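Here's a quick tour of charged side-chain pairs, written for someone who likes to check the atoms. Have a look at the model first.

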Amino acid sequence: MTNLATSQPVTASAKTIDALITPSLLLDRNRLERNIQRLAERAAKLGVVLRPHMKTAKSIDVARQVFPGEPGPITVSTLAEAAYFASHGYRDMTYAVGLSPASALRAMEICHRTGADLKLLLDTVEQADALAEVRAATGVTPSVFIELDCDDHRGGLKPEDPRLLEVADRIVAAGARLVGVLAHAGESYGLNTPAALVQAAENERAATVRAAETLRSHGHACPIVSLGSTPTAHFAENLDGVTELRAGVYMFFDLVQHGVGVCAVDDIAISVLATVIGTKPEKGWVLIDAGWMALSRDRGTASQAVDQGYGVVCDLQGHVLVDVIVSQASQEHGILTVRPGSGKSMPDLPVGTRVRILPNHACAMASQHEFYSVVSGDSPEIDARWDRIRGW
């Protein structure tokens, strides 16, 4: 199949990145493998099960890099992901989003249809009470985590909240199975020093273990104590009392994680391939064919010490063009400029030049695309095409 406009192979059958239609999402296999190995070794050293979050990758092919043998325990963020991974043999899954009665029903229907154990997350008695009807409607006994708030970041109960025991009792009364407690130290994304990240990890651990001990002291088994964010997963020094660690963006990393101090720029495994489509030398602009539809609107580095605009610009081989960023983005156009105050000059990027854009937020960038073109290092060869699951 060919592209009639260019007489070149279309993206689906492209053998090299030169033949890709831009914008296209690239995934560096070498960096992916290195990132996966790094956290796997850390979890083993800390003595906990690693339950990777697939919300970033959303791909069975990426999951197979994490679990090259039998499917292992995973976390998902949508029920579409849950159904997708269940269809590929994954049975031990946690749906780490607070449930509604409708989503609980869908989740148990997936369990009934596939035999998966899809664990749910809740933090209110109303959610717990709804499980009785879900159990009756599907014939499946729900497995449930109580969500904890360890740092005022999102939903969940504080470990000392008296409602913790009330919710636990109502879960059991609804005929569901209370499997444990779950926390996510989301405020760690706003930190940027090793000491602060170590402290955030310990706070997450202590809060989660404290809640588990409270539940056990009142007769609830609480076998799973689950926590994790990519920053705290990489900076935790002690996970005593914890049974499993969750993280997701660590597989790819991104500029926000770099700004936090979790990774180097050279660890970032995904990028968007784009083509220069115009220049305005009088403004110091280079225009590319990748706007926020390809890069996402995420501006997560804007509040960090270094604002990376809509992404850092690399050459075709993936080498960073120092201080060149996507400073503006409209729907299908991006504007490259030299970072304000840099003192550097814009490199020569004539029309037709191809560049790679590193993401502020890997999850958001990847979500704009339907598949990965897999490459290795600075080789132009495309090793594989890996599809992604989308939707809810």
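## Arg210 and Glu160

Let's start with Glu160: its relative accessibility is 53%, so it counts as exposed, the cut-off being over 50%. This is a predicted model, by the way. Glu160 pairs up with Arg210 in a salt bridge, with 2.8 Å between the closest N and O atoms. The two sit in distant parts of the chain, 50 residues apart: Arg210 belongs to helix α7 (residues 194-217), while Glu160 lies in the loop between β8 (143-148) and α6. Arg210 has a relative accessible area of 37%, which makes it partly exposed.

## Arg170 and Asp129

Arg170 and Asp129 form a salt bridge through their side chains, at 2.7 Å from N to O. Here too distant parts of the chain are joined, with Arg170 in helix α6 (residues 163-173), Asp129 in helix α5 (residues 125-138), and 41 residues separating them.

How accessible is Arg170? Its value is 29%, so it's partly exposed. Asp129 is partly exposed as well, at 34% relative accessible area.

Arg385 meets Asp387 in another salt bridge, with an N to O distance of 3.3 Å. Arg385 comes out as partly exposed at 39% relative accessibility, and Asp387 is partly exposed at 41%.

Taken over the whole structure, the count of salt bridges is 20.

Conventions
Residues are numbered from 1 along each chain as its sequence is written. This is a predicted model: local features need pLDDT of at least 70, side-chain atom pairs count only at pLDDT 80 or more; totals for chains, interfaces and linings use all residues. Side-chain values use heavy atoms; hydrogens and water are left out. A salt bridge is a side-chain nitrogen of Lys or Arg within 4 Å of a carboxyl oxygen of Asp or Glu. Helices (H or I, at least four residues) and strands (E, at least two) are DSSP runs, numbered from the N terminus. Buried means under 20% relative accessible area, exposed over 50%, partly exposed in between (1.4 Å probe, protein chains only).
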